[in-house]
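Work through the exercises below with the structure open. Try each task before reading its solution.

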Amino acid sequence: MDKKPSHARTVIAYIVLVILTILCLFFFYILIINCTRSHQQIQAGFSFLPGSSFSKNFNAVIHDAKLPVMSGIRNSLIVSGCCAVLSTYFSALTAYGLYAYNFKLKKPAFIFIMLILVMPTQVSAMGFINVITKMGMINTLYPLILPSVAAPAVFYFMYSYMQSSLPLELVEAARIDGSNEFRTFNRIVLPIMKPALAVQAIFAFVSNWNNYFIPALVLQENSKRTLPILIAMLRSADFLKFDMGKVYMLITIAIVPIIIVYIALSKYIVAGVALGGVKE
Amino acid sequence: MSKRKKSEIKEISYAKWGYIFIAPFFITFVVFQLIPLGQTIYYSFFEYYRSGLTIIGPNPVGLDNYKALLESDFLKYAANTIILWLAGFIPQIIISLLLAAWFTDVRLRIRGKQFFKVVIYMPNLIMASAFAMLFFALFSENGPVNATLVSLGILKTPFRFLASIAGTRGLVALMNFLMWFGNTTILLMAAVMGINPSLFEAAELDGCSPRQTFFRVTLPMIRPILVYVLITSMIGGLQMFDVPQILTNGTGSPDRTVTTLIMYLNNHLYNKNYGMAGAISVVLFIICAALCLLVYFNLNPTDSDRKTRKKNRSNAGKEAING
């Protein structure tokens, strides 16, 4: 009596899961197929088999005079890489400061960060542009990198992780051995935090790689632009005259490297999502 | 007594390190967030915009920007944002609850859970603007989707998705759904797995059907995380920008029915209408501040029961990370 309804439910569950899987993968399949086909082939109709124009499309995109794709990739890598390093290091440092030490403003500082945990940066964008213009940082990559030192969501993740896996006795032992506080953090605390640092570094990298709103307001020169802005430029170009092979290729360049890294590290990333609960 | 004194000495001697370690965070926050926020609020009370090449203002005008905001299409864009958010969120929460219940149901024994989790989370990491560009290419009048539908005989003539209100809104909702349902499923699964298994055993012994177990046991037990998912999704919905912006090239067409609040803010920022941009930002800030407070009380519950549950959840996740 118990087994039969479960059997029917299992079948329904698998059907729904397979439909969702197809829905998730189908668009990327078309993307991968189309980036290997020439403009004429794409316009002629859809095919399930890849074409042979991959390298032609690739070269056409990276050598496009109007679309600085190479510098776009470089800028995106610089911003995302620096943000990943800064946000994880300083969030761990801040979390450690509030976790391991007792001081008067400890509680207020913690409550403050928790209050701004999910505050979107868009609400202060107007003043942000004003401030960085006055600081002479408009049209540079700095205003996209430096703010990641203060990342409340990453902080909260690090703090929770310390609560569950950083015994303060370890810090005490290091003190007795004569290690100074900063050295203790770098040499003893950071290695323990490695799993948390890795997961948050990936998330920070991805969210900055994908970030469009603020970079589009800050970066006005072609050579400074990041990939999402180039995608937007492509969208506002006269679409009908465009080589569709190039369009699909640029989209591929923007998302496929992330997917490859994701598949390689998926186990840790999925576990990190379950653990964090807080993500931008 | 002496023990207490000793610990006080220790606290005093190390306290400065606490301040040193948290200083970079707070300095950065003040420079790049707090001062900008203050300026945003300040200039929302000023006439401050660019007309041609000349900058007008800043001249104090009191609440004029807010009055202008109410007379503009602000409310229409707010309604757009809510419609687009709901159209993505409702299917998202239903599917996610269903998947979370199935994945955690021992009686179902679904194989390949890890594979499905990896696949459904993947769209969350995709660049939203590239994803929107991809949808634009795929769903354009002579794109592959229309070509397939016509060649299969489902449609006689290509359907212009981006010329129809329902078509465009539907595409935005579909993209938001695809990007977020995996994330929500994983969060809800973690919450369900944090429930004491003996509750499910008791429900089974009492003869509960799967449906009863879901509505009477699972749902009430994961309410805190459901509230969290709801609020963070609302904040995410308010921030909706990349997808409709790229899909419609910033026009919000047809007839600005997919223009969101942040797209409206972006237009004012792009045209250097700082006064109006400030007023929009302040309204958004007030809404977000209220939502932030709800998240705060949701994550810092007072009763001890919730705390233990959260601890269980984070321990489970930690083990998963460490392999």
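## Chain B in outline

In chain B, residues 24 or more positions apart account for 70% of the contacts with a separation of 6 or more. The model is a predicted one.

**Exercise 1.** Describe the make-up of chain B: how many helices and strands does it have, and what percentage of its residues count as buried?

*Solution.* Start with secondary structure. Chain B has 14 helices and two strands. Then take burial. Chain B has 323 residues, and 41% of them count as buried.

**Exercise 2.** Work out which element gives the largest share of the side of chain B that touches chain A.

*Solution.* Begin with the contact as a whole. Chain A supplies 83 residues and chain B supplies 86 residues. On the chain B side, helix H1 (residues 2-43) gives the largest share, with 21 residues. Now sort that side by class. It holds 61 nonpolar, 20 polar and five charged residues.

## Helix packing

**Exercise 3.** Classify the packing of H4(A) against H8(A), and list the residues that meet.

*Solution.* Take the geometry. H4(A) and H8(A), the latter spanning residues 152-165, pack at about 50°, and their axes are 8 Å apart. The crossing of H4(A) past H8(A) is right-handed.

Next, list the residues. H4(A) contributes Ser87(A), Thr88(A), Ser91(A), Ala92(A), Thr94(A), Ala95(A), Tyr96(A), Leu98(A) and Tyr99(A). H8(A) answers with Val154(A), Phe155(A), Met158(A), Tyr159(A) and Met162(A). By class, this contact has ten nonpolar, four polar and no charged residues.

## Single residues

**Exercise 4.** Which residues have the most contacts inside the largest nonpolar core?

*Solution.* This core has 165 residues, and Met158(A) and Leu250(A) have the most contacts inside it. Follow Met158(A). Leaving out neighbours within four places, Met158(A) touches Ser91(A), Ala92(A), Ala95(A), Met193(A) and Ala196(A).

**Exercise 5.** Inspect the backbone at Arg109(B), Asn249(B) and Pro254(B).

*Solution.* Arg109(B) is not a glycine, yet its phi is positive, near 50°. Arg109(B) lies in the loop between H3 and H4 of chain B. With 9 other C-beta atoms within 10 Å, Arg109(B) is exposed.

Asn249(B) also has a positive phi, about 55°, and is not a glycine. Asn249(B) lies in the loop between H11 and H12 of chain B. Its 15 C-beta neighbours inside 10 Å make Asn249(B) partly exposed.

Pro254(B) is in the loop between H11 (242-247) and H12 (261-270) of chain B. The peptide bond that joins Ser253(B) and Pro254(B) is cis, with omega about 0°.

Methods. Residues are numbered from 1 along each chain as its sequence is written. Chains are lettered from A and ligands numbered from 1 in the order in which they are written. This is a predicted model: local features need pLDDT of at least 70, side-chain atom pairs count only at pLDDT 80 or more; totals for chains, interfaces and linings use all residues. Two residues are in contact if their C-beta atoms, placed from the backbone, lie within 7 Å. Helices (H or I, at least four residues) and strands (E, at least two) are DSSP runs, numbered from the N terminus. Ala, Val, Leu, Ile, Met, Phe, Trp, Tyr, Cys and Pro count as nonpolar, Asp, Glu, Lys and Arg as charged, and the others, Gly among them, as polar. Axes are lines fitted to C-alpha atoms, for helices over the stretch in contact, and angles run from 0 to 180 degrees between N-to-C directions. A crossing is left-handed if the near helix is turned anticlockwise from the far one by less than a right angle, and right-handed if clockwise. A nonpolar core is a set of buried Ala, Val, Leu, Ile, Met, Phe, Trp, Tyr and Cys residues joined through C-beta atoms within 7 Å. A residue is buried if 20 or more other C-beta atoms lie within 10 Å of its own, exposed if 12 or fewer, and partly exposed in between; C-beta atoms are placed from the backbone.
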